[in-house]
Amino acid sequence: MSTLSIVTESAGRYVHWGVVLISVTNLLIIAAMVVVFVLALVVPFGSGHEQATDQERREP
Amino acid sequence: MTTRTDSPAPGNTNDAGSWTLRLRSRIVGLVPAGQALPDRQPIYVASWIYVFGVLTLAALAVVIISGGLLAIGGVAWWHVSSLGLFVNSLHLWSVELFFGFMVIHLWGKFWMASWRGGRAMTWITGMVLFLTSIGAAFTGYLSQANFASQWISAEAKDGLNSIGVGAFFNVLNPGQMLLWHVVLLPLGVGALTVIHVVLVRRHGVAPPIDAADPSMEKEA
Amino acid sequence: MTTATGTKSRASTPRDKTPDSHDFPTRSYDLVKEFTIALVVVIVLTGGLAAVFSSPDEKSITMSTWANQAPNDLIATAAAELAGTSVSATYGAPYNTNSDGQKLGPLSLQKWGGVRLPVDSAGLVLGPLAAVSGDSTLSSALATWKSATADQQTKWATDYGDALSKAPDGDPTKVATGDYGPVPDMATGLLRLAKTGGLEGILTSSGNFYGGDQTQSLLLLSDGAYLEDQARARNLGGDQWGMMNETGNYPGQPWMWLYTFWYQIPPFSTSDNADAQVWGLMMLLTLLLMFVPFIPGLRSIPRLIPIHRLVWRNYYRRAARR
């Protein structure tokens, strides 16, 4: 298994790991998306709008 | 036919054959009353994952506006003007944000199985939107009139020719590609977006998986 | 749990037990404010990213650049066009009938597209050369070419191409002696024309005043090695995940990751029909994802891996209390 290497060249910085060759920029973008997705799931939402007594419903 | 001075009641059966009436009924019936732009949402709509649809929509707006600004200057403008280059950068980065938000939105909708409850078409139109957006981005890359356009077209022609599509959709022809990019594909993305959002308003936001039916509980 | 009936938002499948969203208790939610905030956020993010990182704009490779940076490659390409051995000459549809092209299994999709963009590869050289005047060496070379039989033309050009590939650095001045007819003079003529900067104009406008269709210029350029060499130096080659990449450190197209992935691994990486096969596979996967709502097993994945319990944790907690 080839070791992970970061290739710096005038053509841009790339990460090379086995069959995977990905630009550092693209890797950061994908990592950021995963982080944002996880944060969206776990960070609490709402600032008190939610009221257990707010029972108004649309009449059918 | 005599003219009437009083206002005609909607659904007047005398005009049952009226195309206008039928079209209006269709339009009005697309979405339940008050749900086209509702000011209330079900209480389970309480997670940050829900904002990625509207973020995608907002990013699309910026993509279109920045693209329109580029169009004012024309194809060669951004190569010779620093303001043009900045506008081009706005267009590139809004596209990156557009795809980033859209994919996170897709991840969220998948793990929430948001196709439930008759929402299959919402899911499908979303998928078609994703693919159409890729096509729009692709024709954009072809329209840059620089090295990237040369290489992308040289490579892409092989993919498209291999399935016979290249005979009709010539990526080596910037005149054709530019018009697909600024006319046909934006119209497609726009129309699909409208359909997708109307479907969301029509069906409402999908309830939690295994949620108890409130209409049953009411009777309990 | 029974299915409610008669609601306009319901699918007709009897097993669908999803309640009507409109039956749930609601709370205030300002959609317009939400959109406005989203728009401001996106504008600020876009403006910031654009100001800090800008966007790439590597100048295109002109025929003149090609002629000056890689003259031997241009000469060899000219010979190949005349010999009918270049990539475009042996491509098949949509340019010519000299190959059946790629197949997806038994389906000759490429051929079925038809020759709707006819290109004569030898014409990519002969056309521009015919427009040159005041060059007597070139004129007599062209006259010699025209008066020869097709077989003789092919032999001259093929022999010259072979000799070039054997010469050190492909240098035309170091080519072994042989009978190459007028081909060396014609190739040199094309090189000189390219250096003037007029070559892509002749190919693109082709008698019209307005161009707009770069098919001929791009086919000639991509028949050479220089364009691809420049691309590969920037990790843009097909087997370098190039579809995802951009020049320099600019963001590319991360959403193309799966499409380009298949080209990196066997059997696609060594297949003559890789393009058609990868397209077929991606079409299948796309349809699977598109029709997930109807595919048993796939559509149950969200239930089996309950990430949704994070999304609706407050709802589930309240429902459990009742």
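**Briefing: confidence in chain A and the contacts of chain C**

Residues 48-60 of chain A have pLDDT under 50 throughout, and the model gives this stretch 14 contacts beyond four places in sequence. The model is predicted. Chain C touches both chain A and chain B.

**Confidence in chain A**
- Mean pLDDT for chain A is 76. A value of 70 or more is reached by 60% of its residues.
- Helix H1 (residues 24-42) of chain A has the highest mean pLDDT among the chain's elements, at 96.
- Strand E1 (residues 5-9) of chain A has the lowest, at 53.

**Chain C against chain A**
- The contact involves 23 residues of chain C and 23 residues of chain A.
- On the chain C side, strand E1 (26-28) and helix H15 (308-311) each supply at least two residues.
- E1(C) gives the largest share of that side, with 3 residues.
- By class, the side of chain C that touches chain A has 11 nonpolar, 10 polar and 2 charged residues.

**Chain C against chain B**
- Here 87 residues of chain C are in contact with 86 residues of chain B.
- Helix H1 (residues 31-53) of chain C provides the largest share of the chain C side, 12 residues.
- That side of chain C counts 44 nonpolar, 27 polar and 16 charged residues.

- Strand E1 (residues 40-42) of chain B runs antiparallel to E1(C), and 3 bridges join them.
- B:Gln41 has C:Arg27 of E1(C) as its bridge partner.

Methods: Residues numbered from 1 in each chain as written. Chains lettered and ligands numbered in written order. Predicted model: local features only at pLDDT ≥ 70, side-chain atom pairs only at ≥ 80, totals over all residues. Contact = placed C-beta atoms within 7 Å. Helix = DSSP H or I, 4+ residues; strand = E, 2+ residues; numbered from the N terminus. Nonpolar A, V, L, I, M, F, W, Y, C, P; charged D, E, K, R; others polar. pLDDT = per-residue confidence, 0-100. Pairing = 2+ DSSP bridges.
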